[in-house]
Amino acid sequence: MMNAATEQTLETIQAMRRQEESSYGVSDYLSQLPQMTHQPQNPLDTPVDASCRFVMAKWCNEIADFCNYKRETVAIALNCLDR
């Protein structure tokens, strides 16, 4: 027989797992990019591609190093960006 605290913890974990499976999906937006047949007139209309994301990640890590932030901070920020 479980005590009330253990039972509550298990229920919480089960709810978190259900929410994670149904709500927190991340799509691979880089694989879904449309093929560019012409150069956009406005550079802001160019989608973020793999090379652009690489440059952004590199820049974020350089800033984090300069400011003595943890690399985990960059990973979390890029995870949010990817959503």
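Start by selecting Asp 65 and Arg 71: their side chains meet in a salt bridge, with N and O 2.7 Å apart (a side-chain nitrogen of Lys or Arg within 4 Å of a carboxyl oxygen of Asp or Glu). Asp 65 is partly exposed at 40% relative accessible area, and Arg 71 is partly exposed at 48% (buried is under 20%, exposed over 50%, partly exposed in between, with a 1.4 Å probe and protein chains only).

A word on what is on your screen: this is a predicted model, where local features need pLDDT of at least 70, side-chain atom pairs count only at pLDDT 80 or more, and totals for chains, interfaces and linings use all residues. Residues are numbered from 1 along each chain as its sequence is written, and side-chain values use heavy atoms, leaving out hydrogens and water.

Next, pick Lys 58 and Glu 62, which form a salt bridge with their closest N and O atoms 3.3 Å apart. These two are four residues apart in helix H2 (residues 50-66), so about one helical turn separates them. A search of the whole structure finds two salt bridges.

Now switch to a cartoon view: the protein has three helices and zero strands (DSSP runs numbered from the N terminus, helices being H or I of at least four residues and strands E of at least two).

Finally, show the surface: buried residues make up 8% of the 83 residues in the protein.
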